[in-house]
Amino acid sequence: MKGISILGSTGSIGCNTLKVIEHLNEFRVVALGAGRNMPKFAEQVAKFKPALVSCDNEESAETLVQELHKLKAKVPEIQLNSKGLTAVATHKDADIVVSATVGAVGFVPTLRAIEAGKRIALANKETLVMAGELMTAAAAKSGAEILPVDSEHNAIHQCLRGEKTAEVNRLILTASGGPFREKTRAEIENATREEALNHPNWKMGDKITIDSATLMNKGLEVIEARWLFGFDADRISVVVHPQSVVHSMVEMVDGSVIAQMGATDMRHAIQYALTYPERKPNCVEPLDIGKLGQLTFEEPDLDRFPCLSLAYKALEMGGTMPTALNAANEIAVQAFLDGKIGLGRIAELNEAVMDEHESRPTSTLENVLAADEWARSRAIMMLGKTASAQLRG
Ligand code: MG
């Protein structure tokens, strides 16, 4: 039985991964890391019996132990914070590491797993956005495979099977367009938290759902695709496809377009990443093609969704610019979720941080971490200024 570690087991991808593991019955959970929801974490630990778990801090660990006592379950070895998460990511019995934490916390642990030569089922796109060069160089050196769990990249991975890279014209990422596809720029800028969290097709965590509403998610995915598949920005297109049936496409030099279709259920992509190169029956309802009706496609509107342009700009500028954009965006999205800023301010803040950022090469971990930290503190400072201006106003 192959061993699996999961970083971020109580999130949406983590929970779905455990469902896939249960369904397949050919993997063993060796280590789990989770930052929140200790009651749910305790249930997972009781059921899957990992040898090692990681929590964010002492307090979470104490809660976990109490919850495990309530369930009369054995308490495994517990480690804390990013060191703990790295121990989960590099556990000697893990053949596959599912990287599914939200935001930048999974970055260093995922890098260590790559260096250790593990197969990475990558759901945390921020890691490639922050440091795609570093990650892919480490993978080339250790022989680690990176299998994308993000549905678009998973689709492209499937479309590229058996194809020669030289015969590919461009990658075409589909975007649902999110809840504001038909709204005006003013309506989008003034949207409430509830409206922004109401994604039409996918059920996901809060951060990625807000990123989907601003199309920042698609921008981050363009950068992710750059590193996963080695295509420059001008050969990665985005098309809005509101039905989310076509998960992405590849255009060949002869004009043929190969598309991958499937249900909007992340378990499909997760299972593909775990069992590749094999395919196995899964537990997701298959698409009922005859009942799909119309599938539509349209160009994205960069004026209403400036975050998408910012991502292209960051990728073209290169170096740590995407790192800075990702960091600023994490701060801005959290501020929006906390009710401190409006949705329109997210793009403004991201752009302001990019304008001030001096890009450095991403070939070293130090540069990446320094850019990430700089952009975060800069974004927080800019937010502070907004808050005091609002108080005065
Ligand atoms: Mg996606």
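This is a predicted model: local features need pLDDT of at least 70, side-chain atom pairs count only at pLDDT 80 or more; totals for chains, interfaces and linings use all residues.
A quick note on ground rules: residues are numbered from 1 along each chain as its sequence is written. Local features need pLDDT of at least 70 and side-chain atom pairs count only at pLDDT 80 or more, while totals for chains, interfaces and linings use all residues, and side-chain values use heavy atoms, with hydrogens and water left out.

**The magnesium site**

Let's start with the metal. The magnesium ion has D150 (OD), E152 (OE) and E221 (OE) as its protein donors, at 2.1 to 2.2 Å. Donors here are N, O and S atoms within 2.8 Å of the metal (3.2 Å for Na, K and Ca); water is not among the atoms, so sites may look incomplete. Along the chain, these donors are spaced as D-x1-E-x68-E. Helices (H or I, at least four residues) and strands (E, at least two) are DSSP runs, numbered from the N terminus.

D150 counts as buried at 8% relative accessibility, and E221 counts as buried at 1%. Buried means under 20% relative accessible area, exposed over 50%, and partly exposed in between (1.4 Å probe, protein chains only).

**Helices α4 and α5**

Next, a helix pair. The axes of α4 (residues 81-89) and α5 (residues 107-115) come within 8 Å and cross at roughly 30°. Axes are lines fitted to C-alpha atoms, for helices over the stretch in contact, with angles from 0 to 180 degrees between N-to-C directions. α4 and α5 are therefore roughly parallel to each other (angles under 35 degrees count as roughly parallel, over 145 as roughly antiparallel, 65 to 115 as roughly perpendicular and the rest as oblique).

On the α4 side, S82, L85, T86 and A89 meet V108, P109, R112 and A113 of α5, where contact means heavy atoms within 4.5 Å. The residues of this contact split into five nonpolar, two polar and one charged.

Helix α4 has G84, L85, T86, A87, V88 and A89 as its buried residues. Those buried residues pack against α5 and also against β1 (2-7), β2 (27-33), β3 (52-55), β4 (77-80) and β5 (96-99).

**L365**

L365 belongs to helix α16 (residues 365-392) and is buried, with a relative accessible area of 17%. Leaving aside residues up to four places away in sequence, L365 touches F107, V108, L111, R112 and L134. C283 is another story: 82 residues from L365 along the chain, with 39 Å between the two C-alpha atoms.

| Residue | Phi | Relative accessible area |
|---|---|---|
| N25 | about 55° | 60%, exposed |
| S244 | near 50° | 6%, buried |

N25 sits in the loop between α1 (12-24) and β2, and S244 in the loop between β9 (236-240) and β10 (246-252).

Finally, the peptide bond from Y276 to P277 is cis, with omega near 5°. P277 lies in the loop between α12 (266-275) and α13 (306-317).

Methods: Ala, Val, Leu, Ile, Met, Phe, Trp, Tyr, Cys and Pro count as nonpolar, Asp, Glu, Lys and Arg as charged, and the others, Gly among them, as polar.
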